[in-house]
Every structure is written in C-alpha cells, then in structure tokens.
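Welcome to a short tour of this protein chain. Have the structure open beside you and look up each residue as it comes along.

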Amino acid sequence: DTVLEVIESYTAKGFDIEVEEVLVDLAALRMLSFPEAYDVIVTTNLFGDILSDAAAHWCGGMGLAPSLNLGDDIALAEPVHGSAPDIAGKGIANPIAAILSAALLVRYSWNMTAIANQIEKSVEQTLAQMNAEKNNYLAVQFSTKEITQEVLHHLNGYS
C-alpha cells in the first residue's frame, strides 16, 4: 500500500511509472526466465532475500553477488550470501562478492564512479584469468588470499 501511495504521488507529478503486483513465486519464475522484464522489485525483506539469492544465478552464483542497502544517511554493503560463518578462517571463501559490494559502496555512497569502475574491471580481469587457468572452477580451485591478491594485482595496474 505504501509503494502504491508513493507511485501515485509521482504519477500525479507527471512521471510514467508502471506497477505490477505479483506473488513471489511467480516473480521468481519470471525473474529467472525473463530477467529483462524487471527494472525494480519492491518487496519485503524475506522475499527480497529469496529473490536476490535466486537472481545471483545471473552473475555466477552467490559467491559473486554483491549488495548495497542504501539510505539517505547510511549505507551497508555486503555480499548477498552474508558473512558465511561456517567457513570463516578456512581461507576458502570467495571474496569477489565482498569486493564488488565495496565497489557499490564507493559508487553509490561516496560518488566515486571512476574508482568503482577500476575495482569492477579488476574483478572482471581476475575472473577471466582464473577461469581460463582452471577451466571455470574458480570457487574450488583458488583460496581467498589468491583471489584477493589477483584482484589487487589487476587494480594496481590502474595506479
């Protein structure tokens, strides 16, 4: 109801905003089958968690999916998968989602687009190189430290 009220206030000002209300299971099916059908999804925290986990498929899985909760005065950047306490300290966590989450923070909270682009480009180069070396088995072939060092190596190429 709140979303519809806000949309109504914007359409009264001349904005053209289309809203479609759907059940979460149908939204998940459509999102995975036709991701281009959605620009923005507004939902509850629980359904948002489920849909964002499913959407991580499109970027290579939850180990690569960044997130940013951005408010007017505060932001929280974290991987979609959360802190992964079950593998903490083992050196096997893929740090890509955390690095990309930091890039989102740099871009949207601090308005440093060029630096965010550099971080993202370094991640892309790292993924391309490591996937070529290990035949697309990034998550099981490289340690947290190795992936981080490789991203930093590519990032240092920009300095």
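Arg30 counts as partly exposed, because its relative accessibility is 28%. This is a predicted model, so every value here is computed from predicted atoms. The side chain of Arg30 meets that of Glu20 in a salt bridge, with N and O 2.7 Å apart. Where do the two partners sit? Glu20 is in the loop between helix H1 (2-12) and helix H2 (24-33), while Arg30 belongs to helix H2. Ten residues separate them, and the pair links distant parts of the chain.

How many salt bridges does the count come to? The count is two. The other pair joins Glu120 and Arg107, whose closest N and O atoms are 2.5 Å apart. Because Glu120 lies in helix H5 and Arg107 in helix H4, this pair ties together parts that are 13 residues apart in sequence. Is Arg107 buried or exposed? With a relative accessibility of 13%, Arg107 counts as buried.

| Glu | Arg | N to O distance |
|---|---|---|
| Glu20 | Arg30 | 2.7 Å |
| Glu120 | Arg107 | 2.5 Å |

Next, the nonpolar core. The largest one has 14 residues, and those with the most contacts inside it include Ile96, Ile119, Leu127 and Val151. Which helices each supply at least two residues of this core? They are helix H4 (96-108), helix H5 (113-134) and H7. Take Ile119 as an example: leaving aside neighbours within four places in sequence, Ile119 is in contact with Ile99, Ala103, Val106 and Leu155. In soluble globular proteins, nonpolar side chains tend to be buried together.

Helix H7 (residues 144-156) also holds Glu146. Glu146 is partly exposed, because its relative accessible area is 38%. Its side chain reaches the backbone nitrogen of Ser143 at 2.8 Å. Not counting residues up to four places away in sequence, Glu146 touches Met130 and Gln141. Glu146 and Gly91 are 55 residues apart in sequence, yet their C-alpha atoms are 9.3 Å apart in space.

Now for the aromatic rings. A search of the whole structure finds one aromatic pair. Tyr10 and Phe15 form this pair, which is edge-to-face, with 5.4 Å from centre to centre and 70° between the planes. Tyr10 counts as partly exposed because its relative accessibility is 35%, and Phe15 is partly exposed too, at 46%. What sits over the ring of Tyr10? The charged end of Lys13 does, 5.2 Å from the centre of the ring.

Finally, find Ser67 in strand S1 (residues 66-70). Why does Ser67 count as buried? The reason is its relative accessibility of 18%, since buried means under 20%. A polar atom of the Ser67 side chain lies 2.6 Å from the backbone oxygen of Glu78. Glu78 is also among the residues that Ser67 touches, along with Leu76, Ala77, Pro79, Val80, Ser101 and Leu104, when residues up to four places away in sequence are not counted.

Terms used. Residues numbered from 1 in each chain as written. Predicted model: local features only at pLDDT ≥ 70, side-chain atom pairs only at ≥ 80, totals over all residues. Heavy atoms only, no water. Helix = DSSP H or I, 4+ residues; strand = E, 2+ residues; numbered from the N terminus. Buried < 20%, exposed > 50% of the residue type's maximum accessible area, 1.4 Å probe, protein only. Polar contact = N/O pair within 3.5 Å; in protein donor to acceptor, adjacent residues only side chain to side chain. Contact = heavy atoms within 4.5 Å. Core = buried A, V, L, I, M, F, W, Y, C linked by side-chain atoms within 4.5 Å. Phe/Tyr/Trp six-rings, centres within 6.5 Å; stacked < 30°, edge-to-face > 60°. Lys NZ or Arg CZ within 6 Å of the ring centre and 35° of its normal. Salt bridge = Lys/Arg side-chain N within 4 Å of Asp/Glu carboxyl O.
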